[in-house]
Amino acid sequence: MTAPLTYALIAHVLVGVLAIGLTHLVFMHFLRKTPSWKYLRSLAGWATIGFLGSWASGAYYYVVYYGKAVKPVILKGAYPWAHQVIMEAKEHIFIMLPFMSLALWFLILVLEKQQDDKIKKAVRNLALTILLFGAFIAGAGIIISGAARS
Amino acid sequence: MDWYTILIIAHIVGVALGVGGATFAEVNLVYAKRDGEISPDENALMQSTYAVLRLGFFLLVLSGFGFLLYYRLSGAEELLYSSALWAKFAVIGILSASAVLMQLRLIPLLWGSAVSITSWYAALVLGVFARGDVNSSYVTIFSIYALAVVTMYYILQLIHKKFVPHKEH
Amino acid sequence: MTTHVRDTNLLIRARAAAEGTAAVAVLITILTIGAELWSPLKDTLKTVFAHHWLGKSALAIFLFTVIFLIRRKTSASTQSLERAVLIAVWSSILSAIMMTAFFVVHALFF
């Protein structure tokens with residue numbers, strides 16, 4: 001693996017985990033009686049940027065390297081389902097995350113102007129869904145990496 | 001200093017802050033409830049403890065993923081399928097879920113506290129075993145963890161009964 | 001009773017973003033399962049975008065942007081925003097379940 005590919009993989013994982021962590025902070029802070037909307041807006045904004053960064057770096061690694069160097073190893077190994085199911089699900093579910101995060105950011109902007117209970121509930125559900133997807137994607141990444149052994 | 005050493009230090013700091021934070025969160029809670037009410041100062045102290053605990057958690061998770069990347073990039077992928085490691089992931093997942101449920105007031109405080117403290121100490125112990133030195137199955141590890149949570153619940157109940165005024169129960 | 005937000009542009013944009021998100025979820029499901037079942041689709045994505053996954057990503061960005069720009073021209077209320085977010089959440093969840101289930105079946109039987 002070349003240095004740029006190594007950095008791309010590292011960036012994809014760490015920036016993605018940071019984005020999930022920021023979304024977790026959004027969710028937990030949001031549950032307070034009097035959340036700081038400015039703080040929430042900042043967290044959600046950075047989470048969206050994080051997901052976009054993880055998407056871009058992951059795309060580079062996936063398109064340039066994974067298909068020709070990692071996927072064949074997994075398919076020939078003891079855990080081919082790590083690609084056939086886990087990676088296939090992960091790479092497609094991930095695409096939805098940046099848009100969900102962007103929608104969350106817009107919703108927080110709305111709530112900053114007016115606190116509506118129904119929109120608050122919608123925000124809570126959206127943040128929770130992003131978190132669940134993020135947890136699945138992070139776990140999937142570990143399974144896939146673990147299967148990539150010759 | 002190589003990356004592995006940096007990750008070890010970051011992970012240890014995260015665990016120290018988290019385990020210490022979780023321990024002191026309970027100590028502070030019992031201490032604050034001794035006179036039957038939680039004063040603003042006591043509440044502020046607990047909030048700062050929770051902040052340190054959260055910092056520890058994020059440091060732990062971030063450095064943890066750093067380790068996973070290290071294993072991947074250094075050819076030690078088999079460690080990623082260690083049963084102790086996956087038990088640790090599950091414990092951390094339960095810890096996160098418990099924090100959410102406590103915030104939503106969907107689980108009793110004592111159970112939340114029991115899960116929190118047990119999970120932090122379990123994460124510490126499992127982190128030592130995750131390098132592959134122990135071959136216990138996931139089910140065995142999880143059974144011990146579940147038993148530890150229940151045991152901790154009854155220990156905390158005893159502590160609260162002894163130090164916290166009866167009307168609080 | 002409809003509650004009007006002072007900054008209605010913000011409400012409209014939030015709803016447009018939620019609708020764009022729902023549309024992306026539907027698109028990704030169709031493209032993903034469609035490309036696996038019908039190879040000309042996968043081949044076309046590969047030919048146009050150099051990689052099928054890049055094609056899905058690019059089309060998702062395109063669709064989200066189009067929906068966002070078009071829906072910004074229509075009025076919104078807190079009710080329509082709440083509904084849009086509910087649809088976005090559920091379409092994302094259903095999309096994830098359908099795609100995962102598809103790949104499980106695909107790996108087991110094909």
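Modeller: UniProt positions are given here in the numbering used for this model, with feature names shortened, and such annotations may be inferred rather than shown by experiment. Residues are numbered from 1 along each chain as its sequence is written, while chains are lettered from A and ligands numbered from 1 in the order in which they are written. This is a predicted model, in which local features need pLDDT of at least 70 and side-chain atom pairs count only at pLDDT 80 or more, whereas totals for chains, interfaces and linings use all residues.

Biologist: Where in chain A does UniProt place the feature "transmembrane region"?

Modeller: The feature comes from an unreviewed UniProt entry. Helices here are DSSP runs of H or I of at least four residues, and strands are runs of E of at least two, numbered from the N terminus. On that basis residues 6-31 of chain A are 96% helix and 0% strand, with end C-alpha atoms 38 Å apart, and residues 93-111 are 100% helix and 0% strand, with ends 27 Å apart. The record places the feature at residues 6-31, 43-63, 93-111 and 123-148 of chain A.

Biologist: What percentage of the residues of chain A count as buried?

Modeller: Chain A has four helices and zero strands, and its C-alpha atoms fill a box of roughly 55 × 30 × 20 Å along the principal axes. A residue is buried if 20 or more other C-beta atoms, placed from the backbone, lie within 10 Å of its own, exposed if 12 or fewer do, and partly exposed in between. Of the 150 residues of chain A, the buried share is 54%.

Biologist: Which pair of chains has the most contacts?

Modeller: Two residues are in contact if their C-beta atoms, placed from the backbone, lie within 7 Å. Chains B and C do not touch, their nearest C-alpha atoms being 19 Å apart. Among the two pairs that do touch, the most contacts are between chains A and C.

Biologist: Which element gives the largest share of the side of chain B that touches chain A?

Modeller: The contact takes 17 residues from chain B and 15 residues from chain A. On the side of chain B, the elements that give two or more residues are α2 and α3 (83-103). The largest share, eight residues, comes from α2(B).

Biologist: How are α1(B) and α2(B) oriented, roughly parallel or roughly antiparallel?

Modeller: Axes are lines fitted to C-alpha atoms, for helices over the stretch in contact, and angles run from 0 to 180 degrees between N-to-C directions. Angles under 35 degrees count as roughly parallel, over 145 as roughly antiparallel, 65 to 115 as roughly perpendicular and the rest as oblique. The axes of α1(B) and α2(B) come within 7 Å and cross at roughly 155 degrees. That angle makes the two helices roughly antiparallel.

Biologist: Is B:L109 buried or partly exposed?

Modeller: B:L109 lies in helix α4 of chain B. Because B:L109 has 13 C-beta neighbours inside 10 Å, the residue counts as partly exposed.

Biologist: Which elements do the buried residues of α3(C) pack against?

Modeller: Helix α3 (residues 52-71) of chain C has 20 residues and reaches 28 Å from its first C-alpha to its last, close to the 28 Å expected, the expected span being 1.5 Å times one less than the number of residues. Its buried residues include C:H52, C:W53 and C:F68. They pack against α1 (8-37) and α2 (39-49) of chain C, together with α2 (37-76) and α3 (81-113) of chain A.
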